[in-house]
Amino acid sequence: SPYPQRVFQSRYEENQAIEALLPLLNTRRQQLLMKLSQLKSLQDKDNTDPDASGLGYSSVIHLSVAEEDTTQIWQDLTLIDTVLLRAYVRTNRPAIIPFLRHENFVPFEDAQQLLAGAGMEPELIALYSTHHKHDLAIAQILQPLRDTTLSPTERQQRLMDLVHYLQQLGS
């Protein structure tokens, strides 16, 4: 292979490089979200007034171009958000739950696999909650109760976590 086995000398250097990419990725993400919003409003405008574009194109061609742009933006956002989530898992755990609670384009299965593989239970529960998969969230909270070596204090904490989660659903 023409590529070196290791690019970085240490895990620290690798994490520093990841952290350096975060502002760039977030900036590009914001630009794409703005463009997506503009395209959506343009499509809405085209749907209500066929000649509203003022560009001299027929509405069909204009809408077709906008749909291609929208598809590309969705693909770019999916890639960027997936990379952001992976970077947060590696370098910035506190950023994960807020990221998951806002609109993001990470495929559910990818996020689930990544978070479960990293043993990030609170983040996994937040993912389930934001995707309205409450049965999975509750199962995740209750799963440790099957462990017979769990102390009474830990059992009580798990049950309190369940009560708290159910209260959030009720509000």
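Predicted model: local features only at pLDDT ≥ 70, side-chain atom pairs only at ≥ 80, totals over all residues.
Trainee: At what angle do helix 4 and helix 5 pack, and how far apart are their axes?

Mentor: Helix 4, residues 108-117, packs on helix 5 at about 160°, and the axes are 9 Å apart.

Trainee: Which residues of helix 4 and helix 5 meet?

Mentor: From helix 4 come Phe108, Ala111, Gln112, Leu115 and Ala116, and from helix 5 come Glu123, Leu124, Leu127 and Tyr128. By class, this contact of helix 4 with helix 5 holds seven nonpolar residues, one polar and one charged.

Trainee: What are the angle and axis distance for helix 5 and helix 6?

Mentor: The angle is about 160° and the axes of helix 5 and helix 6 are 7 Å apart. That angle makes helix 5 roughly antiparallel to helix 6. The crossing of helix 5 and helix 6 is left-handed. On the helix 5 side, Glu121, Leu124, Ile125, Tyr128 and Ser129 take part, meeting His134, Leu136, Ala137, Gln140 and Ile141 in helix 6. The classes in the contact of helix 5 with helix 6 are six nonpolar, three polar and one charged.

Trainee: Is the crossing of helix 6 and helix 7 left-handed or right-handed?

Mentor: Start with the geometry: the axes of helix 6 and helix 7 come within 9 Å and cross at roughly 160°. So helix 6 is roughly antiparallel to helix 7. Their crossing is right-handed. Helix 6 contributes His134, Ala137, Ile138, Gln140, Ile141 and Leu142 to the contact, while helix 7 contributes Arg158, Asp161, Leu162, Tyr165, Leu166 and Leu169. Eight of the residues in the contact of helix 6 with helix 7 are nonpolar, two are polar and two are charged.

Trainee: Now the pocket. How much space lies in the largest pocket, and how many residues line it?

Mentor: The largest pocket holds about 370 Å³ of space. Its lining has 16 residues, with Arg101, Ile125, His164, Tyr165 and Gln168 nearest the centre.

Trainee: Which helices supply at least two residues of that lining?

Mentor: Helix 3 (96-101), helix 5 (121-130), helix 6 (134-142) and helix 7 (152-170) each do.

Trainee: How does the lining of the largest pocket divide by class?

Mentor: Seven of the lining residues are nonpolar, five are polar and four are charged. Ile125 links the two topics: this residue of helix 5 is in the contact with helix 6 and is among those nearest the pocket centre.

Note on methods. Residues numbered from 1 in each chain as written. Heavy atoms only, no water. 1 Å grid on protein atoms, 1.4 Å probe; cavity = no way out; pocket = protein on both sides within 12 Å on 5 of 7 lines; lining within 4 Å. Points joined across faces, edges and corners; volume = space filled by probe spheres on them. Helix = DSSP H or I, 4+ residues; strand = E, 2+ residues; numbered from the N terminus. Nonpolar A, V, L, I, M, F, W, Y, C, P; charged D, E, K, R; others polar. Axes fitted to C-alpha atoms, helices over the stretch in contact; angles between N-to-C directions. Parallel < 35°, antiparallel > 145°, perpendicular 65-115°, else oblique. Left-handed = near helix turned anticlockwise from the far one by under 90°. Contact = heavy atoms within 4.5 Å.
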